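I opened the notebook to record what I looked up in this entry, going from a surface feature to a helix and then to the chain as a whole.

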Amino acid sequence: MQRIRLLPEEISRKIAAGEVIERPFSAVKELVENSLDAGATEVIVELQGGGKKLIKVQDNGSGMSREDARICLERHATSKISVEADLDRISTLGFRGEALASIAAVSHLILRTFDGEGESGTLVERRGEKVLAIEDIAFPKGTSVEVGDLFFNLPARKKFMRSDQAEAGLSIRWLTGMALAFPEVRFLVTHGRREVLNCPAVGSLAERIYQLFGKETLGRLIEVDFREGARRLHGYASRPPSGRLDKNHQLFFINGRLIRDRLLQAALNQAYRGYLEKDFYPEAYLFLTLPYEEVDVNVHPAKAEVRFRESQLVFYLVLRAIETSILKQAGIKEIYPVSNSSSPRLQVKESARPIFPEAEKRLREEAPETSFLPEEKIRPETGLQVLGQYLHSYIIVATEEGLFIIDQHNAHERVLFEKYREVDAQGRWPERVPLIPLLFDLSPSQELSLRENRELLESTGFRVENMGGKSYALQSFPDIFEPEEARQVLLALLEEMKGEKVLQRREKLLATLSCRTAVKAGEFLSPEKMGYLVAELFKTSNPALCPHGRPVLLKLDKSQIERSLKRSS
Ligand code: ADP
Ligand code: MG
């Protein structure tokens, strides 16, 4: 590797400024990127206390000379760029030369490194700006950086840290992404005494997906490999009509970097429009390779975003690449494109079928009741009349005081939420045990979420057992679902409760269960069902808002109608 030097002021000023180290995850990211830049084939990450207590990253990369080890902790010390023009053709993950300096400034850092030349390796120890030691040590070729006591001198920053699990979750999610981007590198990640990621080097992305997420996931994906000149999109994405209930499994890499990007997300979603069932999102692990000069990575302090020189071009490349792959797959035979582009390309029965028939059945069976609590303004004071359904999504209700337009999904969510809360308060959910245990695989971050939320999930009847490795079996679930629904809901819950504050998790869980079991927009409702739903809605504690805080209804006062139509003065 090239020698490290300090960047001249005029270049360093041009590098996107900003706080590089915000939380343990930022340090993990910078350290692991350095290891990968150093050509490591093995990266070992140890976290203690979510990384707040300790982060250790060890690699078998190029290592550093004594001189480099001394200077690498200085601000703007980098071996990766030297002249301004280099900024336009960045091929390494790092380039700012300030990550190590920023980490060292706010932690107790011990660097050990050896480049294989000369007699011995080097140890440099710092606490904040204070150098505690520079010594010769015996060390194998490679580098290890230990970051202890992060933000010891920034108590304010410390207060913003979330729970150990939540902080670890951020790192693990990103490390999972890196493991996908570098299948040829062995990753071993532990949190406390727990191994959260252990993937030996493999020869392909498919094998890495298998290692990380299991066979079931791989089976749900199709390969994407599409080139246009020097541009390429490759990876794996959902095999229609399978998708996921959450958007957390859409990972994009641009020239090997895990990037958040709206444009790519939009292209992905557009490509799948009509191929997936309602409320399902595509899953994708996609790698975009662009000539370095077509993408600017120097726009975000943590390098999590990029700017495309020609975004149109990238959008259509992704769209075409995915559409082509979908069409190429044998799975396409099950899809019958229809001419109207706004209607789903997947043929479903005329009346949209309920996604959760069990909940639907229950709703139908429960006897319609009409009694109202008149204490709030929003509640109709006198009898109400359901006029009908509008757009298969809204229930129009007339009362003496005016008209209500009620969102059927949000209304049902509110009703179910209160019912579930009651069941929950009584402490026992009716459990259902499937005839055969339902198997599924969990990603490392989902496993983490399961560990964190197991007790909560069990209290509502979701019992999950590990079957070895990433395989799990759903042994029982709340008796409001069909087995397949239960499995999907569990996976959605694991995603949605990630990093939530403990106190809010139960509410979140109940809100999610309600949302998943509520009737959907676009679903036909019989007059009886509408009558029942409206009656139940006005019995709830807050008919105006759904448990997620979205409005349920719109009220048009009689006086307002009369005024507008000039019936009264
Ligand atoms: P940057 O990665 O932007 O160059 P850093 O502060 O992250 O800046 O690192 C400074 C320099 O230290 C790098 O340019 C590289 O030469 C050296 N370095 C850092 N980590 C490692 C490592 N794990 N192995 C070898 N060299 C490293
Ligand atoms: Mg770096």
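Which residues make a nonpolar surface patch of about 490 Å²? I find Tyr390, Leu391, Tyr394, Ile405 and Leu554 there; such patches take residues with over 30% relative accessible area and no salt bridge, with nonpolar side chains (Val, Leu, Ile, Met, Phe, Trp, Tyr) joined within 5 Å. A salt bridge here is a side-chain nitrogen of Lys or Arg within 4 Å of a carboxyl oxygen of Asp or Glu.

I note that this is a predicted model, in which local features need pLDDT of at least 70 and side-chain atom pairs pLDDT 80 or more, whereas totals for chains, interfaces and linings use all residues. Residues are numbered from 1 along each chain as its sequence is written, chains are lettered from A and ligands numbered from 1 in the order written, and side-chain values use heavy atoms, without hydrogens and water.

I placed Ile405 in strand 20 (residues 402–407), strands being DSSP runs of E with at least two residues and helices runs of H or I with at least four, numbered from the N terminus.

I then looked up helix 12 (residues 408–426), whose 19 residues reach 27 Å from first C-alpha to last, close to the 27 Å expected at 1.5 Å a residue, a span taken as 1.5 Å times one less than the number of residues. At its start, a side-chain oxygen of Asp407 comes to within 3.0 Å of the backbone nitrogen of His409, and the helix is followed by Gly427, whose phi is positive, near 95°.

For the whole protein I recorded 17 helices and 25 strands.

Key:
A polar contact is a pair of N or O atoms within 3.5 Å; within protein, one must be able to donate a hydrogen and the other to accept it, and residues adjacent in sequence count only if both atoms are side-chain atoms. Patches are made of residues with over 30% relative accessible area and no salt bridge: like charges are joined within 9 Å, nonpolar side chains (Val, Leu, Ile, Met, Phe, Trp, Tyr) within 5 Å. Accessible areas come from the Shrake-Rupley method with a 1.4 Å probe; for residues, only the protein chains shown count as cover.
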